[in-house]
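Open the model in a viewer that lets you select residues by number.

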Amino acid sequence: MHKPGDVILGGLFEVHYTSVFPELTFTSEPHQLTCQGFDPPGFRHAMTMAFAIDEINRNSNLLPNVTLGYSLYDNCATLVIGFSAALSLASGREEQFLLQETCFGTPPVLGIVGDSFSTFSIATSDVIGLFKLPIVSYFATCSCLSDRQRFPSFFRTIPSDAFQVRAMIQILKRFSWTWAGLLVSDDDYGLHVARSFQSDLAESGGSCLAYLEILPWGDNPAELRRIVEVMKKSTARVVIVFAHQIHMIQLMEEVVKQNVTGLQWLASEAWTAAAVLQTPHLMPYLGGTLGIAIRRGEIPGLRDFLLTIRPELHHNNSNGNNMVRQFWEHTFLCRFAPPPADWVEAGGALCTGDEDIENVETEFLDVSNLRPEYNIYKAVYALAYALDDMLQCVPGRGPFSGRSCATLQKLEPWQLMYYLEKVNFTTSFGDQVSFDENGDALPIYDIMNWLWLPDGRTKIQSVGVVKKSAFKGEELKLDEDRIYWNFDSKQPPRSVCSESCPPGTRNARKKGQPVCCFDCIPCSEGKISNETDSMECKSCPEDFWSSPQRDHCVPKKTEFLSYHEPLGICLTTASLLGTFICAFVLAIFIYHRSTPMVSRPGGGASLKWFGAVQQRGTVLVLTSVQAAICTAWLVTSSPTPHKNNQYHNDKIVYECVVGSTIWFAVLLGYIGILAILSFLLAFLARNLPDNFNEAKFITFSMLIFCAVWVAFVPAYVNSPGKYADAVEVFAILASSFGLLVALFGPKCYIILLRPERNTKKALMGRGTTKT
C-alpha cells in the first residue's frame, strides 16, 4: 500500500498471520507469495501509520512545505516475507507507483516503522543497519536489540524486555510469590527473556524458577503434553508466559485437556490483550490473569479516518491483492470482480465498495484500547520530528562535516538517524517520547487483569502501571482492591517452595535445590533471629541470652550469694548468732573478771618474763601483722565481684575473686603458722598438772580449726559459683564457732553452772598429787 510524497517512510505490519509459498527462493518478490488469514487488528496497525502521516501533512507547524508519503508492506507473520519486504524498502526494489501525474519512480525511503516481531527485527536490522537506515519498531521487545554495536540504527517506542522482566519480578515480590514457572517461545524473544529472568532473579534474590520450559513452534502435541505435565506436578502456583498468541492457543488446548486449574497466569505484552483467549471455554483457567501491556494511548480522529477507507481510492493496485480490498472482502464476506469460479458456484456475494462499514461488527473500528497503535503513532511522529529538526538546521552551524547541514535533495538516511537519536517531544496524550543511548524509549507499561464477569462476559481492566523515571527509577503502582482473583478465596494464591522461616529460626538451603527451597532450623542457645527468613542467627551480647523462642535477647539471670535467699539467710543468721554469743561471753567475763576462771591464778614466779603485759603485747603485735597484711592486700589488689559465665551459659554468676593470689596466700600462710604454733604449744602443755588444763582445750580447738580449713580447700575448689563463697563463709563460721566453743565453752560452763569449781584451789588442783 503506497502513498506518494517528498519523503517516503516504510512500514512493516502483520496484516495476515500465515503464508503459502510452495518454492520460495531468496530472489522471490513479496508479491509472489500468498498471504492468508486476514488480521483486522494488524490492518488497523497499518492504517494507524497512514493516519499519522496524513495528520502530519495537515499540520502546518511540523514539516511545512514537505509532504510525507508511505510504503506499507505485509510480513504475513513470516520471516522470509518480512525480511524480503524490508530489503525492498531499503534498496528501492518495490513496485513503482505514481508520484505525480506525469512521473513514475521510486522515491527514497528514509526510515522504516516496524517490524512487529523481535526475530524479524533482528534479521532486518542486521542487514539494513549497514546502510544506517533508521528502523523504529513498535512491538519488538527483545533486549538483544539494545546492542548498539550490532544494531546501530534500531530504535523502538516499546520498552525492552529487560524492563518487562524487571517489572514482572516486581509483581512477584509484591505478592510474595517466590516460586514460579516460566514458559517462553522458541525464538529470540523467548530465549533472551529466559536468560534475563534467570540473571535478574539471581540478582534480586527472594524468588526462584520452579521450571523453565520452551514452547515449540508448530504442531508438537507430545512436547506440549510433557510441558503441561511438568506444570501439573510442580508446587508452583504461578506461571509466567513470554510467548506469542499462537503459542498460548496451542498450550491452552492441552491445559484444558488435562484440566489444570488453580494456576495464576502472568502474561507478557505479546498475549495480554489476545481476544482469542478470552472465551468462556478458557476463562475458567485464565480468569484472573495479570499481564503487562503496552501503554494505552488515545489518538483523536483515528476512528473517523478508519471510516473513510474505501477500496475505490486505491485503483493503482489493479491486481486486487491490495490491503484495503482484502480487508473489505474479509469484513463483508464478499469478493471483488472478477471473483474466483468456486466463489460464484457457491453463491458468494460480490463486493461493490459501497458497503457501510459502520453497520458491520468488526474489531477494526475498535479504538478504545489503542496500545500497539499508540506506539506506531509515536514512531511515525519520532521520524517526523527528527526530519523537522534536520530541515531547520542553519548552514554553517550544522553537525556534519564542515558544520554543514543536510538538505532534502541530498538527504542520506544516516543523517536522519543523527537527529532521531536526539528527538524529544510530548504526545497529545501527555507522554514524553525520547530515546536513550541504546535507542530504547522511556519504559512504561500498564498492568492488566482478566476479569470474568458473572454473566459470562470477559473484560480486561487496568489495575496499575509500571514505569521508569529519571528521578524515582523503576516504580510499580497497583490497585490491589480492583484485582480479580480466580480462586475460591478471592485472594492472591500462595506460591512458595518452602514456607517462610519464622523468627527464632534460620534458613538452611536444601542440597541440590534452588535457594527458595530450604528447611527452617531453630537457632542454637545464645543466638537469635528476629526477622522472617533470616539466613543466619546472631549471637546475643555478653550479658544477654536468647529467649525460649530464640527471637530476642533477654538479660541473663544473675546468681550470687544474697542476703535474701535461704542459704544467705542461714549464714547471716549464724554469723549474727556467733557475734551475739561472743558479746554474751564478753559480758560474762567482764562481770566475773575477778574470779579465778577469768586474768588465771598462780604461776607468777614462772611467768615473770611473760606476764600479762607481755601476753597482751604479743597478741597486739601478732594481730597488727595480720592487719598490715590485709591492708596491703586491699590497697594493692582488693578482692572484687567477678561475672563468671563458665558455669551456666544463661546465667551470670557473681563470685568473689581474691584480687591478688600472693597476698591471699600470705594471709592464709600467716594464719596457718599461728594455728600450727598454737597447736604445738598446746599439745606440749596438754599434761600439765591442773584440774582445768586449758592446753587441752586449745589443742582441741586447733584440731577443729585445722580440720575445717584442710577440708575447706577441696570443697572450695569444687564448689560452683555462689556455693564457693558459701563454703568460704561456712569455713570461717565453723572455725570461729570451733574456737568459741572449745576455748570459752568450758569456762562459761564453770562460771555459770559450776561456780563451786571457780576457786583457786579447785583450779590449781591442790587436792590431787601428780607427777
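A disulfide is counted here when a pair of cysteine sulfur atoms lies within 2.5 Å. In general, a disulfide is a covalent bond between the sulfur atoms of two cysteines. This is a predicted model, in which local features need pLDDT of at least 70 and side-chain atom pairs count only at pLDDT 80 or more, while totals for chains, interfaces and linings use all residues. Residues are numbered from 1 along each chain as its sequence is written, and side-chain values use heavy atoms, with hydrogens and water left out.

**First stop: C35 and C76**

Select C35 and C76, which form a disulfide with sulfur atoms 1.6 Å apart. The torsion about their S-S bond is about 100 degrees, so this disulfide is right-handed. The pair links distant parts of the chain, 41 residues apart: C35 is in strand β4 (residues 34–38), and C76 is in the loop between β5 (68–74) and α2 (79–91). Helices (H or I, at least four residues) and strands (E, at least two) are DSSP runs, numbered from the N terminus.

Now show the surface. C35 counts as partly exposed, at 24% relative accessibility, whereas C76 counts as buried, at 0%. Buried means under 20% relative accessible area, exposed means over 50%, and partly exposed lies in between (1.4 Å probe, protein chains only).

**Second stop: C142 and C144**

Move to C142 and C144, which are joined by a disulfide with an S to S distance of 2.4 Å. Their link is right-handed, with 130 degrees about the S-S bond. Both C142 and C144 are buried.

Next, select C393 and C405, joined by a disulfide at 1.8 Å from S to S. Is this disulfide left-handed or right-handed? The torsion about the S-S bond of C393 and C405 is about -60 degrees, so the disulfide is left-handed. C393 and C405 are twelve residues apart, and each is in the loop between α12 (372–391) and α13 (413–420). C393 is buried, as is C405.

Select C706, which is in no disulfide; the nearest cysteine sulfur belongs to C630 and is 19 Å away. C706 is partly exposed, with a relative accessible area of 28%.

Finish at C748. The closest cysteine sulfur to that of C748 is in C582, at 10 Å, too far for a bond. C748 is buried, with a relative accessible area of 11%.
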